[in-house]
Amino acid sequence: MNLKTKLHIALVGLPGCGKSTIGRYLAKRWSIPFVDVDVVIEERIACSIREFFAKEGESQFREVEREVLAELLSRSEKMVVATGGGAVLKAENRQQLIQNARVIYLSASPHDIARRLQRDTQRPLLQVSNPLQRLLDLHAARDPFYREVADFVVSGSGLSATQVAQRVAMQVELGQHG
């Protein structure tokens, strides 16, 4: 499918890389809706993702995530979609992203993310004794999947969220690969 004909803009990357913050910026810039997959999931399951993880487990969460992502990407109205950090783990999700969105991988150093999220208690996968090691492990496991679906890779290392968002906007608007 031609890059220009893809309707949605989807952001992928590790938990805490800035998908929601940058997604809101892009949606405002382009005057289109912003949707955070995790927010839609929490509305659907009527509790926090952290609670759902504890009660139902990760595999059940991933199934709800798959349903929500497929529904969002099938909509006819163009939007910016912030995916959950693990959305790329399911092959069906990767296929949906490749077919229906221009995908931007927000690449960020696990060390930078760990520093930024020191006090975060909402991300279930990071509620461990060594969040940095968990982020390093997640990066090792997920980076190939993020790259597989990405039309663009934008590094956020050493940049503010606004600077990253401006880089993403330029990439998308110019239609360059990189």
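The legends below describe close-up views of a predicted model.

Local features are given where pLDDT is at least 70, side-chain atom pairs count only at pLDDT 80 or more, and totals for chains, interfaces and linings use all residues. Residues are numbered from 1 along each chain as its sequence is written, and side-chain values use heavy atoms, with hydrogens and water left out.

**View 1**
Helices (H or I, at least four residues) and strands (E, at least two) are DSSP runs, numbered from the N terminus; two strands pair if DSSP finds at least two bridges between them. Contact means heavy atoms within 4.5 Å.

**View 2**
Strand S4 (residues 101-107) pairs with S5 in the parallel sense over four bridges. Serine 107 has serine 155 of S5 as its bridge partner. In a regular strand the side chains alternate between the two faces of the sheet. Buried means under 20% relative accessible area, exposed over 50%, and partly exposed in between (1.4 Å probe, protein chains only).

**View 1. The largest nonpolar core around leucine 106.**
This core has 52 residues, and those with the most contacts inside it are Val12, Ile22, Ile41, Leu97, Ile104, Leu106 and Val168. A nonpolar core is a set of buried Ala, Val, Leu, Ile, Met, Phe, Trp, Tyr and Cys residues joined through side-chain atoms within 4.5 Å. H4 gives the most to the core, with six residues. Not counting residues up to four places away in sequence, leucine 106 touches Leu11, Val12, Gly13, Cys17, Gly18, Lys19, Ile22, Val154, Val164 and Val168.

**View 2. The two aromatic pairs.**
The structure holds two such pairs. In one of them, phenylalanine 53 and phenylalanine 61 are tilted, at 5.2 Å centre to centre and with 45° between the planes; both residues are buried. The pair of tyrosine 105 and tyrosine 146 is also tilted, at 4.9 Å centre to centre and with 40° between the planes. Tyrosine 105 lies in strand S4 and tyrosine 146 in helix H7 (residues 131-149), so this pair ties together parts that are 41 residues apart in sequence. Tyrosine 105 is buried at 1% relative accessibility, and tyrosine 146 is buried at 0%. Rings of Phe, Tyr and Trp (its six-membered ring) pair if their centres lie within 6.5 Å; planes under 30 degrees apart count as stacked, over 60 as edge-to-face and the rest as tilted.

Ile49, Phe52 and Phe53 of H3 are buried. These residues lie on the same side of H3 because they cover an arc of only 105° around the axis, the arc being that of the directions from the helix axis to the C-beta atoms. The buried residues of H3 pack against H2 and H4. Exposed Ala54 and Lys55 are carried on the face turned away from the buried side. Glycine 57 follows H3 and has a positive phi, near 95°.

Most residues other than glycine have a negative phi. Serine 31 has a positive phi near 55° and sits in the loop between helix H1 (19-30) and strand S2 (34-36). Serine 31 is exposed at 67% relative accessibility. Its C-alpha atom is separated by 9.2 Å from that of methionine 79, 48 residues apart along the chain. Alanine 46 has a positive phi of about 60° and is found in the loop between helix H2 (37-45) and helix H3 (49-56). Alanine 46 is exposed, with a relative accessible area of 70%.
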